[in-house]
Each structure stands twice: as structure tokens, then as C-alpha cells.
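Please look through the sequence and the model below.

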Amino acid sequence: MSFTARALKEARGRVFEFFKSACRSIPSIIEIYNLQDVATASQRRSTVAAEIRKNAHVDNPKVIDLLLFKGTEELVNITEHAKQRHHIIGQYVVGNHGLVQDLGSKDQGISPFLKNFYTSNYC
């Protein structure tokens, strides 16, 4: 096995360890930020997995280590209560798409020109 393949395998192992530690801290995060009403632990595990999968294409061990450092730093900030509840909800519960994508009711009474403009610039 070459050096880069071994380093990549070790980096992959560190990613799994980070995932395990992040999943272990989810119940305390839910309790710290009082997220029981907006999220379950399984939903947060899925969010963590999705965040890790975003970088599944990375095959450079140094880049993987950098991403792990950033992820660990984010996890420490969250567990040490360095963020407020609305930061956690906005970033990890709601995500980039918002709570509701209800564009149909808003578009009633708008000219076709504006509908085309909004869809071309914001979708």
C-alpha cells in the first residue's frame, strides 16, 4: 500500500471517529439549546452525516485533516455554548432552504413578467 493510500485510509478513519463523537454529543446539544420542540436526535444525526457527505469527494489527506479541524472546532463551539439557539436552528435545523417553501400563495396577482424575473434570479 502506498503512502498516500495509507494516509487516506487513516484520514477516513479519523472522519468516522469525528462522526461518532459528533453523534455522541447530539443529545447534550439538544438539551443545551432546548431543541426538543424543533428537532429529534435522529434528524440531527442525519444533518451531521449530510454535512460530512458534502466533502466525500475530497481525496487529499491534508484537506481532509483541515476539514476535520474545522468540524471539530464547530462542534466544540456548539457544545461549549458559544452559539445561541437561533444560530443552531438556522444553520442545522432549518438549513439553507428555510422552513417552508410556499411560493404558490405569494405569486397570486403578480404579472407574468415579475414571475419570470423572480424565478430566473432567485431559483
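**A walk along the helices**

Arg-45 lies in helix 2. The model is a predicted one. With a relative accessible area of 36%, Arg-45 counts as partly exposed, because values between 20% and 50% fall in that class. Along the chain, Arg-45 is 23 residues from Ala-22, and the C-alpha atoms of the two are separated by 8.2 Å.

Helix 2 itself covers residues 41–53, which makes 13 residues. From its first C-alpha to its last, helix 2 reaches 18 Å, close to the 18 Å expected at 1.5 Å a residue. Its buried residues include Arg-44, Thr-47, Val-48 and Ala-49.

Helix 1 takes up residues 3–32, and Arg-12 has its place there. Arg-12 is exposed, as its relative accessible area is 54% and the class begins over 50%. In sequence Arg-12 and Ala-56 are 44 residues apart; in space, their C-alpha atoms are 9.9 Å apart.

Next comes helix 3, which spans residues 61–79. At 1.5 Å a residue its 19 residues should span 27 Å, and the 26 Å between its end C-alpha atoms agrees with this. At the start of helix 3, the backbone nitrogen of Lys-62 has a side-chain oxygen of Asn-60 within 3.1 Å. After the helix comes His-81, with a positive phi near 60 degrees.

Which residues of helix 3 are buried? They are Pro-61, Ile-64, Leu-68, Gly-71, Leu-75 and Ile-78. Around the axis they cover an arc of only 100 degrees, so they sit on the same side of helix 3. An α-helix has 3.6 residues a turn, and therefore residues three or four places apart point the same way. On the face turned away from the buried side, helix 3 carries the exposed residues Lys-62, Phe-69 and Lys-70.

The last stop is helix 5, residues 112–122, where Phe-113 is found. Is Phe-113 buried or exposed? Phe-113 is exposed, because its relative accessible area is 62% and the cut-off for that class is over 50%. Together with Leu-114, Phe-117 and Tyr-118, Phe-113 makes a nonpolar surface patch of about 400 Å².

Key:
Residues are numbered from 1 along each chain as its sequence is written. This is a predicted model: local features need pLDDT of at least 70, side-chain atom pairs count only at pLDDT 80 or more; totals for chains, interfaces and linings use all residues. Side-chain values use heavy atoms; hydrogens and water are left out. Helices (H or I, at least four residues) and strands (E, at least two) are DSSP runs, numbered from the N terminus. The expected span of a helix is 1.5 Å times one less than its number of residues. Buried means under 20% relative accessible area, exposed over 50%, partly exposed in between (1.4 Å probe, protein chains only). Patches are made of residues with over 30% relative accessible area and no salt bridge: like charges are joined within 9 Å, nonpolar side chains (Val, Leu, Ile, Met, Phe, Trp, Tyr) within 5 Å. Accessible areas come from the Shrake-Rupley method with a 1.4 Å probe; for residues, only the protein chains shown count as cover. A salt bridge is a side-chain nitrogen of Lys or Arg within 4 Å of a carboxyl oxygen of Asp or Glu. The arc is that of the directions from the helix axis to the C-beta atoms. A polar contact is a pair of N or O atoms within 3.5 Å; within protein, one must be able to donate a hydrogen and the other to accept it, and residues adjacent in sequence count only if both atoms are side-chain atoms.
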